Amino acid sequence: LNYVINGEHQQMLKKLSDTDFLTGWLNRKALEPCALSCRETAQRTGHTFGIIIFDVDHFKAINDKWGHHAGDVALQQITSRAKDIVRDEDNCFRIGGEEFLIILTRCNAEQLHRVSERLRQTVASRPVMMNDKPMNITISIGSALSRHDDLGWQALFDRADKALYQSKAEGRNTVSISEPEHTAEVWQ
């Protein structure tokens, strides 16, 4: 009996250690094993998968104007909305303060574009409410689709991250998709 309780307790502790306390999303520690698994599945099945990286535009200004509690509320509401957009088999991670990553399992370029743009529009179109006052918030998104010649999942992450920086350079509240030919396409 102690073995079963200890095993259940150990599983609970593992889940807690892999989960961000504020958003309920997986944390950065859980990213690599998940990404490696997606890559192995993609290589085995021939399917592609996508990564969406997004962060909250001008988040420091939100904290400065509204306070850190309001920033936390904003992150909770944004991640809740994002979770409603993705499928159950997709994986959501908080990888930094206001930076997030979603792995879309078994997706193609069209699905990656559609989910990325829907995510951007969903956040931009609905203000976050704080004490009955609306906070207008936008996010910048960089996305990339796996390629069969990727040497590892990190190459995919790097392309999505580069696309994110392009979205910021384009003025934020934008989706940039890293295309297979190493170019990024900007969507507004």
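In this predicted model, a hairpin of four residues connects strand β3 to strand β4. Strand β3 covers residues 91-94, and β4 covers residues 99-104. The two strands run antiparallel and are joined by four bridges.

Leu26 is placed opposite Phe93 of β3. The residues of β3 point in two ways from the strand: Asn91 and Phe93 point one way, whereas Cys92 and Arg94 point the other way. All of these residues are buried. Phe93, which stands opposite Leu26, is therefore under 20% relative accessible area.

A search of the whole structure returned two cavities of 30 Å³ or more. The volume of the largest cavity is about 100 Å³. Its lining consists of 13 residues, and those nearest the centre of the cavity are Arg39, Ala42, Phe49, Ser146 and Arg147.

Helices α2 (31-45) and α6 (153-169) each contribute at least two residues to the lining of the largest cavity. The largest share, three residues, is supplied by α2. By residue class, the lining of the largest cavity contains six polar, four nonpolar and three charged residues.

Notes:
Residues numbered from 1 in each chain as written. Predicted model: local features only at pLDDT ≥ 70, side-chain atom pairs only at ≥ 80, totals over all residues. Heavy atoms only, no water. Buried < 20%, exposed > 50% of the residue type's maximum accessible area, 1.4 Å probe, protein only. Pairing = 2+ DSSP bridges. 1 Å grid on protein atoms, 1.4 Å probe; cavity = no way out; pocket = protein on both sides within 12 Å on 5 of 7 lines; lining within 4 Å. Points joined across faces, edges and corners; volume = space filled by probe spheres on them. Nonpolar A, V, L, I, M, F, W, Y, C, P; charged D, E, K, R; others polar.
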